[in-house]
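Here are my notes after a pass through the coordinates, as numbered points.

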There are 4 protein chains.
Amino acid sequence: MYSFKDDYSEGAHPRILQALVESNFEQEDGYGRDQFTQKAINFLKERIGRANVDVHLLAGGTQTNLTAISAFLRPHEAAIAASTGHILGHETGAIEATGHKILSIETEDGKLTPSHVKAALDGHPDEHMVKPKLVYISNSTEIGTIYSKSELQQLHQFCRENNLILYMDGARLGSALCSEENDLTLSDLPALVDAFYIGGTKNGALIGEALVICCDSLKVEFRYHIKQKGGLLAKGRLLGIQFLELFRDNLFFDLATHANKMAEMLREEMNNANISFLTQSPSNQLFPILPNALITKLQSKYSFHIWEKVDADHSAIRLVTSWATKEDEVLAFIEEFKKGSKNDQAYL
Amino acid sequence: MYSFKDDYSEGAHPRILQALVESNFEQEDGYGRDQFTQKAINFLKERIGRANVDVHLLAGGTQTNLTAISAFLRPHEAAIAASTGHILGHETGAIEATGHKILSIETEDGKLTPSHVKAALDGHPDEHMVKPKLVYISNSTEIGTIYSKSELQQLHQFCRENNLILYMDGARLGSALCSEENDLTLSDLPALVDAFYIGGTKNGALIGEALVICCDSLKVEFRYHIKQKGGLLAKGRLLGIQFLELFRDNLFFDLATHANKMAEMLREEMNNANISFLTQSPSNQLFPILPNALITKLQSKYSFHIWEKVDADHSAIRLVTSWATKEDEVLAFIEEFKKGSKNDQAYL
Amino acid sequence: MYSFKDDYSEGAHPRILQALVESNFEQEDGYGRDQFTQKAINFLKERIGRANVDVHLLAGGTQTNLTAISAFLRPHEAAIAASTGHILGHETGAIEATGHKILSIETEDGKLTPSHVKAALDGHPDEHMVKPKLVYISNSTEIGTIYSKSELQQLHQFCRENNLILYMDGARLGSALCSEENDLTLSDLPALVDAFYIGGTKNGALIGEALVICCDSLKVEFRYHIKQKGGLLAKGRLLGIQFLELFRDNLFFDLATHANKMAEMLREEMNNANISFLTQSPSNQLFPILPNALITKLQSKYSFHIWEKVDADHSAIRLVTSWATKEDEVLAFIEEFKKGSKNDQAYL
Amino acid sequence: MYSFKDDYSEGAHPRILQALVESNFEQEDGYGRDQFTQKAINFLKERIGRANVDVHLLAGGTQTNLTAISAFLRPHEAAIAASTGHILGHETGAIEATGHKILSIETEDGKLTPSHVKAALDGHPDEHMVKPKLVYISNSTEIGTIYSKSELQQLHQFCRENNLILYMDGARLGSALCSEENDLTLSDLPALVDAFYIGGTKNGALIGEALVICCDSLKVEFRYHIKQKGGLLAKGRLLGIQFLELFRDNLFFDLATHANKMAEMLREEMNNANISFLTQSPSNQLFPILPNALITKLQSKYSFHIWEKVDADHSAIRLVTSWATKEDEVLAFIEEFKKGSKNDQAYL
């Protein structure tokens with residue numbers, strides 16, 4: 001059974017494994033003080049186009065979010081997030097466990113706008129309530145949508161005017177930046193957000209997220225926070241070698257482009273079949289709304305998440321493609337889908 | 001320059017890398033629900049000799065300690081540790097960051113005894129003070145010593161009688177169990193401690209610690225805690241594959257035995273030269289007290305930590321061997337040491 | 001200007017001050033070990049009709065909520081509350097600061113039902129999310145409504161079936177229990193909730209809330225938590241003397257009855273004038289919706305909170321009565337209201 | 001039985017109770033926004049001699065310490081305290097519960113010096129350890145000693161040079177400042193510490209500590225922290241009225257002077273009898289070392305704490321005097337002591 005459940009079903013891109021093998025017996029300092037990590041950070045800074053950012057390599061997304069947000073906020077300050085935000089519903093209260101409330105905002109498409117944030121500020125005027133301080137956004141979002149440059153600029157400007165920290169969760173930043181609808185580049189980000197991370201785990205690495213801190217005041221003594229929260233790996237080389245390989249050339253972007261292309265094939269076919277989508281996603285996660293009978297049929301050959309019930313006869317499913325998704329399998333899925341949807345025409 | 005700085009200077013045992021390569025494109029569920037992790041846990045339970053333990057694979061030692069201890073304690077409860085304990089001085093307040101005080105106990109050799117623990121209990125009689133609840137020990141300790149079976153039995157009995165949780169940090173458990181002076185086995189542990197972890201990072205893995213929870217009441221909903229603290233890796237397979245390889249046969253113990261043998265060679269030579277040691281370590285960390293001039297000479301060819309100043313002319317250094325330490329390099333170091341100590345005879 | 005802003009605008013009932021004066025030079029043990037506290041607790045247990053509850057006297061409501069909830073929950077567990085719940089929006093993230101998420105539920109009337117709680121449970125099925133464990137309710141609620149015995153029984157049964165802790169914030173429990181619509185008694189509560197508190201601050205005391213823990217497992221070592229969170233007053237007598245006075249006879253209930261009667265006079269008059277209310281409150285907080293012009297007029301002689309804008313011309317205000325509210329002032333307010341509403345008839 | 005157990009055995013100075021009675025029915029805003037609190041703060045600023053300090057009134061010492069320290073520190077930063085410090089051993093891990101380690105320093109006399117602090121800094125050089133940031137001192141200390149102006153100047157200078165926050169716990173600041181050996185004034189403090197509190201509970205108030213924040217950067221949004229930690233009393237007037245009474249004239253200092261004078265009478269008599277003291281305390285706590293037989297005799301008429309066993313036949317006891325201590329009782333105690341020590345001459 002082939003899986004479209006997520007983008008972390010396989011191991012790592014073979015070049016990464018090869019790099020691990022080749023470097024294996026070189027002795028290096030621990031805790032990210034190794035040469036691989038240093039080189040990886042240098043490459044990352046080049047791609048980002050800024051020398052004056054701090055880059056830290058961490059193992060996973062929840063770890064990165066909780067370490068960054070708890071380091072950035074004072075005890076009475078809160079984060080603001082879309083209700084779909086990963087930190088709100090999928091990290092087991094990790095942020096609250098560090099002492100901070102997250103204010104949840106209902107959105108149409110998983111993206112925050114200045115007016116969303118303004119409403120949160122207006123609703124929290126005094127010391128009887130938390131003070132909203134950090135705006136958490138994801139790009140691509142948890143429901144596949146992406147921020148345009150203009151949207152991000154407006155949000156950034158509002159944050160700057162209101163002394164708010166803008167933080168971007170980039171677990172799927174590769175897919176966002178390589179989307180056909182995207183007009184942002186990696187080098188745009190330091191001017192538009194105060195910190196963000198570049199997700200490796202979901203784009204070809206075994207593990208690893210590269211946190212980029214752009215705002216000077218947020219950089220101070222950050223390694224203490226990584227260590228305190230359990231994120232400073234003794235063999236930091238494991239992270240360094242992977243990001244070095246992903247960013248020594250265009251590999252990171254090539255992998256994301258492949259994932260998006262696989263999603264595009266699925267999307268196009270479903271559009272042709274007049275399938276509706278729960279969200280308009282131009283990235284590697286699709287949320288088609290299918291007849292339940294068709295879903296059952298597809299489940300006999302493919303694994304994927306049923307995202308939510310839409311009506312008595314239809315549900316949205318989530319299909320995720322990745323750097324490792326095989327074109328043959330996508331084509332085979334499309335065939336199955338065509339067969340199934342033809343039979344189920346009545347449902348569509 | 002060859003390094004005896006620590007036991008995490010190299011990558012992983014080649015069999016582990018090979019296993020990562022071979023399994024790379026198999027699709028698996030995330031978050032430790034993959035078949036490799038399940039198999040690894042089964043092998044671990046076999047080696048431990050108990051089916052009714054819970055095993056969780058985590059990325060690193062600090063992560064494991066903070067997740068376990070914060071899950072095991074109620075807010076007003078405290079841990080007790082030797083002053084040399086890793087959680088006290090080398091984890092950036094990770095335990096306190098989860099809300100718990102650690103009571104520090106001065107010891108001779110890094111090991112806690114019932115009388116140490118009793119003193120801590122006696123000193124904390126009421127609700128104006130924290131309630132000591134968890135006894136943290138390391139085996140081997142941070143200064144290389146190991147617990148005998150009898151010592152552990154006595155400590156365990158005291159803990160049981162006083163309703164205390166006994167937790168063993170096994171970052172270097174492999175070296176402890178494979179020490180020539182050791183009389184404990186892995187299968188002794190579930191009857192003697194409430195939880196412990198088996199360190200992979202310092203014994204051949206890229207990353208990874210296997211937390212074993214023996215006490216039923218501590219098992220409840222533990223995966224929530226791993227997730228909340230950022231330790232539930234999306235690609236849990238990375239941990240599963242490594243522990244599967246380490247425990248499918250005797251690899252884990254073979255690697256620790258090698259590390260100990262390399263240390264033994266160093267120890268023997270220094271004993272021959274009448275060198276004193278800061279602690280009597282039968283494991284893979286040695287703390288010889290050397291003349292500063294000799295230290296300087298050795299530093300020109302080897303890297304290692306200077307542990308502490310002993311007197312105006314002498315310091316203790318730390319030499320660490322590992323699964324990856326090369327016998328040739330140990331022999332070469334011994335030669336350097338002999339040459340240096342002969343010249344420096346006056347200092348010794 | 002007379003104030004209907006809240007029920008903590010004055011000091012304490014004169015009998016309480018008198019008791020403080022009379023007991024002033026008796027030497028007593030600190031930290032709630034004084035005879036007054038012990039006697040007060042005995043009286044409270046008599047009124048509650050149960051000997052096997054634990055009673056602790058604390059200084060304020062936020063203190064009580066954060067101490068109880070953080071003591072009752074393990075790190076991964078969350079509270080569930082109506083979106084109007086005091087802990088959600090009016091305690092500056094106090095619960096989150098102890099590490100716990102609060103799940104917010106939209107309600108019609110500030111009260112939680114089994115179906116509300118069920119939805120929260122259903123939405124949190126696994127370890128990637130917090131585990132809902134404690135149901136927080138207020139009686140009376142923050143918007144003046146009260147729980148009927150039947151409503152509370154149903155909620156309690158659901159909680160028991162689902163292994164949830166039911167906790168009642170009783171900052172205004174006096175007003176709730178003395179409401180004409182109420183069919184609950186103090187002695188009903190131990191069988192219906194796991195813990196609750198009886199608010200003194202808003203019903204005649206200078207400060208003080210009496211936390212009653214009914215469930216045995218929640219009682220364990222609770223004084224440690226009070227001390228740790230800063231709530232164990234050295235001069236615990238201050239709390240003991242007050243609750244002793246409030247509960248040595250019927251004073252507590254007499255005071256609440258007075259507050260309700262004052263509210264009833266206001267409510268009746270507004271009902272006569274066909275004023276709508278934001279919520280149907282049978283307790284000491286009223287939320288009439290008034291024309292803005294009338295509000296402005298009333299503000300020239302009375303202080304009260306403007307609760308929320310209802311439409312372009314109307315807003316809901318909050319009028320709060322208390323043990324100290326003077327009947328003359330209520331009558332005078334009614335006169336002003338009548339005059340104003342007559343003139344503003346067009347608006348109503 | 002008369003008590004010398006502590007300085008919080010009685011209620012409040014009668015003038016305070018009188019002020020509560022007189023102001024009782026004036027309606028005031030809640031949460032410290034009342035006129036009494038504002039006036040009290042103005043008087044305090046006058047006594048302190050500085051307008052540019054922020055003053056907040058809180059209910060108790062542990063509450064004040066945990067609110068201030070957690071507000072002042074970032075997550076990885078630690079406090080430094082003498083091992084006798086109240087936050088270390090008598091607050092049930094309140095500071096650790098907010099996430100911060102306290103580094104314990106052994107001292108001779110309960111007082112920290114620059115060399116103590118320097119040792120703590122030297123021992124915490126990197127991100128694997130917490131970062132010492134706040135120096136916690138008590139004046140008078142928990143064992144009765146007081147800081148001289150010169151000692152405090154040196155400590156302050158060291159802290160300033162090392163970018164450390166100097167925080168003074170003034171639970172017994174009154175007694176310290178009114179000690180015959182003291183050369184500090186209240187108005188010296190803003191130039192010498194970054195924040196301190198003036199203890200009311202142990203010097204004539206029912207409850208109440210006045211936190212004075214001198215350093216601008218520590219003032220920001222402090223009321224949020226008070227509220228979040230449960231310390232913002234609805235009837236803040238209770239604190240305001242008390243501090244207004246204590247500081248509208250010299251009452252606060254008169255009360256402390258009385259306490260010290262009572263202690264002086266005891267000390268002098270014991271000095272005459274050649275009694276040794278555990279610590280040389282010039283304030284309202286004395287720690288005489290007495291024969292156990294004498295202690296037993298005194299216990300039949302007086303209550304006090306046995307502080308620690310000194311040898312097989314002797315123990316140190318703690319005698320505490322206060323604003324409420326009666327001279328007659330001190331004289332009677334002295335008589336008992338004389339009788340007892342004459343009989344027990346052999347023991348002394």
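1. Salt bridges from B to A. Keep in mind that this is a predicted model. Across the interface of chain B and chain A, the rule finds 2 salt bridges. One pair to look at is Asp29(B) with Lys5(A), whose side chains meet with N to O at 2.9 Å.

2. Who supplies the B side? The elements of chain B giving two or more residues to the side that touches chain A are β1 (2-3), α1 (14-23), α3 (61-72), α5 (94-97), α11 (222-228) and α12 (237-247). Of these, α1(B) gives the most, with 4 residues.

3. Extent of the B and A contact. Chain B puts 49 residues into the contact and chain A puts in 47. The area buried between the two is about 4000 Å², and carbon and sulfur atoms give 57% of that.

4. How are chains A and B related? The same surface serves both copies, with 96% of the contact residues of chain B recurring in chain A.

5. The C and B contact. Here 24 residues of chain C are in contact with 24 residues of chain B. About 2100 Å² is buried between chain C and chain B, with carbon and sulfur atoms giving 48%. The salt-bridge count between chain C and chain B is 6. Arg33(C) and Glu127(B) form a salt bridge through their side chains, at 3.5 Å from N to O. There are also 20 residue pairs in polar contact between chain C and chain B, both at pLDDT 80 or more. On the side of chain C that touches chain B, α3 (61-72) and α11 (222-228) of chain C are the elements giving two or more residues. The largest share, 5 residues, comes from α11(C).

6. Over all chains the structure holds 72 salt bridges. The side chains of Glu245(A) and Arg15(A) meet in a salt bridge at 3.0 Å, N to O. Which parts of the chain does this pair link? Glu245(A) sits in helix α12 (residues 237-247) and Arg15(A) in helix α1 (residues 14-23), so to speak distant parts of chain A, 230 residues apart. Glu245(A) is buried, at 9% relative accessible area, while Arg15(A) is partly exposed at 28%. The pair also belongs to a salt-bridge network that links Arg15(A), Glu245(A), Arg248(A) and Asp249(A).

7. Local pairs in helices of chain B. Asp122(B) and Lys118(B) form a salt bridge, with the closest N and O atoms 2.7 Å apart. Both lie in helix α6 (residues 114-122) of chain B, 4 residues apart, about one turn of the helix. Buried or exposed, or in between? Asp122(B) counts as partly exposed at 49% relative accessibility, and Lys118(B) is partly exposed too, at 42%. Further along chain B, Lys338(B) and Glu335(B) meet in a salt bridge at 3.9 Å, N to O; the rule's cut-off is 4 Å. These two are about one helical turn from each other, because they are 3 residues apart in helix α15 (residues 327-343) of chain B. Lys338(B) is partly exposed at 36%, and Glu335(B) is partly exposed at 43%.

8. A strand to check in chain D. Why is β3(D) described as largely enclosed? Because 6 of the 6 residues of this strand (residues 77-82) are buried, the rest of the structure largely encloses it. Side chains in a regular strand alternate between the two faces of the sheet. Both faces of β3(D) are covered: Glu77(D), Ala79(D) and Ala81(D) are buried on one side, and Ala78(D), Ile80(D) and Ala82(D) are buried on the other.

9. Neighbours of that strand. β3(D) runs parallel to β5 (residues 131-138) of chain D, joined by 5 bridges, and Ala81(D) stands opposite Tyr136(D) in β5(D). β3(D) also pairs in the parallel sense with β4 (residues 102-105) of chain D, over 4 bridges. In that pairing, Ala79(D) is opposite Ile102(D) in β4(D).

Note on methods
Residues numbered from 1 in each chain as written. Chains lettered and ligands numbered in written order. Predicted model: local features only at pLDDT ≥ 70, side-chain atom pairs only at ≥ 80, totals over all residues. Heavy atoms only, no water. Contact = heavy atoms within 4.5 Å. Buried < 20%, exposed > 50% of the residue type's maximum accessible area, 1.4 Å probe, protein only. Pairing = 2+ DSSP bridges. Buried area = accessible area lost by both parts, 1.4 Å probe. Polar contact = N/O pair within 3.5 Å; in protein donor to acceptor, adjacent residues only side chain to side chain.
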